[in-house]
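Please read it alongside the model.

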Amino acid sequence: MKGGVVIFAAGNEAIDYDVICAYEPVISVSAGTAGHTRAYYSNYGPWVDICAPGGDGLYNNDSITSYDGEGYSRGQIFNTYATEKQSDYDYTNYGYMSGTSMACPHISGAAALIVSFFGGPGFTNDELTHLLIDGADNLLASGSKYIGPWVNVAASFKLGNVSVTAPEKVSEYSLDAAHRAIEVSYTVPSDVDDGKASGAVCLISKDRNALAYATPENPGQNVSMATISANGAAAGEKVSGTVSELNSATTYYTVLYAYDGSRNFSEVSEIKSATTPEDNAPVLKSQPEGILLYDYGASTFRNLDELFSDPDGDELSYMVSVDNRDAVTPVPNGNILRINARNPGYARITLIASDGEKSCESFIPILVKSSEDPAETYPVQVEDVLNIRTEEGAETYVLIVSSTGKTVYEDSCFVSAFQPLAVDMSSLAPGRYNVTIKYNGKTYYKNIVKK
Ligand SMILES: [Ca+2]
Ligand SMILES: [Ca+2]
Ligand SMILES: [Ca+2]
């Protein structure tokens with residue numbers, strides 16, 4: 001709070017003057033009785049700012065020294081009482097007293113309470129004085145001897161636009177389970193001082209018993225909270241909101257607490273439950289096609305969200321691995337996969353798409369080729385089968401001739417990098433062979449060895 005206040009007792013002479021309190025900036029405090037009338041001794045006058053309980057032993061025609069059967073002095077203030085010890089049996093140092101000195105600390109306490117709530121940056125002593133005095137109860141019957149309004153902290157809070165009464169509890173609500181979510185619909189309860197609740201907090205748990213001790217201020221373990229605003233809807237209107245990020249195929253229990261603009265919480269609603277449906281695993285839209293890369297440093301990108309989808313619309317996360325790091329390096333970044341070529345060779349990139357609960361696996365074949373050797377034969381020494389792989393798929397002519405000039409194989413068929421041609425050479429004699437490969441108007445010659 002910026003600035004300070006001086007709160008001072010108006011004096012106990014039953015006169016229309018006090019030398020300190022007559023100074024306007026001082027908050028002067030008169031004393032009232034249990035009946036909210038002027039205590040017989042209290043000073044009074046237009047310079048008094050506010051009234052608080054000060055005790056009055058004569059109130060209700062009691063004598064100032066009279067005690068009831070229980071030993072309580074009627075109408076006075078029981079307070080700390082600094083005396084010397086009267087006897088060995090006097091352990092109390094509490095006593096009954098009356099006076100504006102008893103009324104004044106009530107106002108100091110009320111002021112402290114107001115500052116504790118409102119007294120953030122920018123709050124001033126003038127605003128404190130306004131809330132304290134203008135919130136006080138002017139209905140006090142002060143007669144001709146003015147003692148100011150009766151302190152009323154609740155009204156001061158309300159004057160600061162703080163509600164002091166909680167809304168009614170939510171008495172009508174329903175749950176509607178959706179995929180990993182529950183839609184909560186409720187009828188907006190009324191509120192004594194705000195007219196309507198501002199919204200409701202939904203406490204939700206898989207553990208019904210955990211809700212027994214949960215409150216919005218202290219939900220405790222295994223309880224989650226979601227705020228479902230009424231968005232200005234009037235009392236009696238139906239509003240709804242969704243509690244999301246739940247698990248699938250799980251039963252959840254809920255209670256609602258209505259709240260107002262000052263975060264006063266209502267009593268708890270009844271417990272209800274709903275069960276979320278099963279999750280559907282992600283699916284592969286189509287088997288990814290093989291990727292052909294030429295030479296070290298070549299790279300390409302794939303958007304994995306175009307390969308996988310989730311029937312529930314879940315966002316997918318991806319795990320990427322490769323079986324041949326010598327050939328390619330996969331660099332995943334969210335749903336974008338960058339594939340960097342390293343050395344000629346074949347690699348298989350394994351992709352696992354996960355929706356957080358279930359997953360789907362697929363792979364991308366990668367072939368890194370040397371641009372100087374686009375049509376390949378392998379293995380280097382053939383035992384049974386000679387493999388021929390090319391580039392993008394094309395009708396390919398293959399001729400194999402022995403070292404003596406004899407044609408041992410001649411055919412045309414579709415060949416690609418990922419659909420190699422396998423020629424059975426198991427029945428042929430060991431030795432050198434010449435291979436001619438033609439596609440897309442280009443011709444390549446290879447020498448191979450059959451063991
Ligand atoms: Ca004053
Ligand atoms: Ca309220
Ligand atoms: Ca799913």
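Helix α1 passes α2 in a right-handed crossing. The model is a predicted one.

**Helix pair α1 and α2**

- Helix α1 covers residues 100–118 and helix α2 covers residues 125–134.
- The two helices pack at an angle of about 125°, and their axes are 10 Å apart.
- On the α1 side, the contact is made by A110, A111, I114, V115 and F118.
- On the α2 side, L128, L131 and L132 take part.
- Sorted by class, the contact of α1 with α2 has eight nonpolar residues, with no polar and no charged ones.

**Sheet β6-β7-β12**

- Three strands in the order β6-β7-β12 make an open sheet with antiparallel pairing.
- Strands β6 (173–178) and β12 (238–243) each have a single partner strand, so they stand at the edges and one side of each has no neighbour in the sheet.
- Neighbouring strands here are turned by 20° against each other on average, with direction ignored.
- Strand β7, residues 181–187, runs antiparallel to β12 and is joined to β12 by six bridges.
- Residue E183 stands opposite T242 in β12.

**Sheet β17-β21-β20**

- Another open sheet has three strands in the order β17-β21-β20, and its pairing is antiparallel.
- Its edge strands, β17 (299–303) and β20 (328–333), each pair on one side only.
- From one strand to the next, the twist averages 20°.
- Strand β21, residues 336–341, is antiparallel to β20, and six bridges join the two.
- The bridge partner of N333 is I336, which lies in β21.

**Whole protein**

- The secondary structure comes to three helices and 31 strands.
- The radius of gyration of the protein is 44 Å, whereas a compact globule of 451 residues would have one near 22 Å.
- Along the principal axes, the C-alpha trace spans about 140 × 50 × 45 Å.

Note on methods
Residues numbered from 1 in each chain as written. Chains lettered and ligands numbered in written order. Predicted model: local features only at pLDDT ≥ 70, side-chain atom pairs only at ≥ 80, totals over all residues. Axes fitted to C-alpha atoms, helices over the stretch in contact; angles between N-to-C directions. Helix = DSSP H or I, 4+ residues; strand = E, 2+ residues; numbered from the N terminus. Left-handed = near helix turned anticlockwise from the far one by under 90°. Contact = placed C-beta atoms within 7 Å. Nonpolar A, V, L, I, M, F, W, Y, C, P; charged D, E, K, R; others polar. Pairing = 2+ DSSP bridges. Rg over C-alpha atoms; globule rule 2.2 N^0.38 Å.
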